[in-house]
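Please go through the structure below with the text beside it.

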Amino acid sequence: MKTVPGLALASFLAATPAWAQSGLEVSGQVDFGARNYFESGLYAGQSSARSFGVLGFSLDGGTSLSNGGDVAFSFSGLMEEGNDRAYYNIERLYYRHAFTGWDILVGFNTENWGVVQSQSVLNVMNPRANADPVAGDTLLGTPMVNVNVYSGAGTFSLYALTGFVEPFYGGQRSRFRAPIIPDYESTVFEEGSGRHLDYALRYSNSFSVGESDIDVGLSYFNGTDRSATCSTTGTGATSCTDAILTALGNPPGSPAAGSSTDAFFAFLGANANSATVAAASAVPVPGLRAFYQEIEQVGLSTAFTRNDLQLRFEGMYRDTSSGSYFAGVVGGDYTFNDAFGGPGSLTMAVEYLYDDRSAAQGIPLFEDDVFLGLQYRFNNQLDTAIDFSVFHDLSTEAKLYRLGVSSRINDRIGVALNASAVDTSGFDDPLAFVGSDDFVELIFSAYF
């Protein structure tokens with residue numbers, strides 16, 4: 001389902017009664033700047049090392065209606081010249097009506113169930129933009145009907161997903177991609193068209209125990225996975241990893257079809273180099289297509305807060321036709337107020353990420369990793385902040401570094417410096433596939 005935000009907004013406002021538009025509130029921002037890649041892309045079709053212009057926008061608004069309901073919209077988009085890095089996101093476009101003890105929402109919306117800082121494993125209803133799959137996690141809006149019932153025992157939520165929005169994946173020119181990519185223009189759904197009704201249930205509640213607060217969320221999803229794996233029908237492969245080995249010509253010593261991801265990366269670590277991987281990226285795998293499988297997922301999130309300390313856990317158990325697996329994140333953070341003798345605050349976070357999926361269910365970036373994060377907020381009028389984090393693989397020693405520095409220049413203009421870098425010793429870790437995509441970018445934002 002592809003929808004142009006401008007047309008959606010026009011239709012939305014046209015359907016809203018004129019008497020309701022008088023109270024319409026709208027705000028937004030335009031982002032512009034440049035991103036510089038330090039190295040030329042490793043794969044066929046990727047750009048050389050140089051700077052590219054970046055343009056983005058967001059538009060938010062809403063109004064209350066005289067019948068007691070309200071409407072809201074939020075659109076965003078991003079375009080990076082020359083690298084197939086562009087998407088449009090209808091994050092929100094809904095009508096909501098509140099009644100005594102319950103409410104109902106109809107339209108596009110996003111639901112963020114995650115509680116961790118590193119990378120959530122719970123968000124299953126909304127696809128991801130994937131513009132920076134290792135550096136961000138932008139959720140795309142999904143059409144739904146959502147009913148929430150509020151009681152003293154907690155909040156009970158029911159979601160009926162009435163449409164399927166395909167994630168943004170880019171193409172051959174994209175940075176942050178695998179050497180072999182499936183055909184995203186000819187997708188395969190496990191249950192026919194993928195347009196049938198999916199549903200989810202969630203229970204959430206908050207408790208106070210002395211000076212501590214505990215938040216709990218329990219969820220269930222049944223439907224089409226919003227992240228694609230590989231359909232290998234007709235390719236002679238049984239997974240995405242097998243497809244890569246097929247493109248390499250199944251060299252001597254390569255793992256047998258259906259082997260684990262550990263065996264796959266052990267082989268690559270011992271045998272692959274930049275030249276062989278680059279050569280494989282130029283070899284098409286006929287019949288390799290994006291595949292959306294049917295899943296059932298049970299998820300749990302908890303957050304314990306006491307003063308400046310927060311401890312967090314989120315995990316999910318997923319059942320698919322190709323097997324079941326568990327993924328989870330556990331950790332927490334502590335905030336030091338008035339850090340370094342000034343008004344600023346320093347937050348230090350530590351989390352552990354685990355994922356035991358098989359090769360048939362895709363390749364996780366973080367399956368046995370530790371996340372370390374530092375955030376310093378100056379708590380000044382310009383809202384200046386510095387964020388630094390690193391993912392460290394405990395098995396391969398691969399590391400992903402991220403840096404973000406942001407501040408307002410005045411009430412109308414802001415500036416941000418962002419950077420990402422990967423450190424690997426070979427192709428024994430999935431991060432090695434984006435090892436040539438280190439970047440730094442400078443973005444200015446104009447608010448209105």
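What follows is a walk through this model, starting with its overall dimensions.

The model is predicted: local features need pLDDT of at least 70, side-chain atom pairs count only at pLDDT 80 or more, and totals for chains, interfaces and linings use all residues. Residues are numbered from 1 along each chain as its sequence is written, and side-chain values use heavy atoms, with hydrogens and water left out.

The secondary structure comes to five helices and 21 strands. Both kinds of element are DSSP runs numbered from the N terminus, with helices being H or I over at least four residues and strands being E over at least two. Along the principal axes, the C-alpha trace spans about 70 × 55 × 45 Å. The radius of gyration is 23 Å, which agrees with the value near 22 Å that a compact globule of 448 residues would have. That radius is taken over C-alpha atoms, and the globule rule is 2.2 Å times the number of residues to the power 0.38.

How much of the protein counts as buried? Of the 448 residues, 46% do, where buried means under 20% relative accessible area, exposed means over 50%, and partly exposed lies in between (1.4 Å probe, protein chains only). The protein exposes about 20,000 Å², and carbon and sulfur atoms supply 58% of this area. Accessible areas come from the Shrake-Rupley method with a 1.4 Å probe; for residues, only the protein chains shown count as cover. Contacts (heavy atoms within 4.5 Å) can be sorted by sequence separation: among those between residues at least 6 apart, 60% join residues at least 24 apart.

The side chains include 23 positive and 49 negative ones, and the centres of the two sets lie 6 Å apart. In this count Lys and Arg are positive and Asp and Glu negative, while His and the chain ends are not counted. Each charge is placed at NZ of Lys, CZ of Arg, CG of Asp or CD of Glu.

The strand pairing can be followed from β17 onward. Two strands pair if DSSP finds at least two bridges between them. Strand β17 (residues 368-377) pairs with β18 (residues 385-393) in the antiparallel sense over nine bridges, and Gln 375 has Asp 387 in β18 as its bridge partner. β18 in turn runs antiparallel to β19 (residues 399-408), joined by eight bridges. Across this pair, Phe 388 stands opposite Leu 403 and Ser 389 stands opposite Arg 402. In a regular strand the side chains alternate between the two faces of the sheet.

β18 and β19 form a hairpin with five residues between them. Glu 397, in the loop between these strands, has a positive phi of about 70° although it is not a glycine. Glu 397 counts as partly exposed because its relative accessible area is 44%.

From β19 the pairing continues to β20 over 10 antiparallel bridges, with a hairpin of four residues joining the two strands. Arg 402 stands opposite Ser 420 in β20. Strand β20 (residues 413-423) is then joined to β21 by eight bridges, again antiparallel, and Val 415 stands opposite Phe 444 in β21.

Helix α3 (residues 240-247) is mostly covered, with seven of its eight residues buried. Among them are Cys 240, Asp 242, Ile 244 and Leu 245. The buried residues of α3 pack against β11 (229-231), α4 (261-271) and α5 (274-281). Gly 249 follows the helix and has a positive phi near 85°.

Pro 127 sits in the loop between β5 (102-109) and β6 (142-151) and counts as buried because its relative accessibility is 1%. Its contacts, not counting residues up to four places away in sequence, include Leu 139, Val 165, Pro 167 and Arg 226. The C-alpha atoms of Pro 127 and Ala 228 are separated by 9.6 Å, although the residues are 101 apart along the chain.

Asp 84 lies in the loop between β3 (69-80) and β4 (85-99). Phi of Asp 84 is positive, near 50°, in a residue other than glycine. With a relative accessible area of 25%, Asp 84 is partly exposed.
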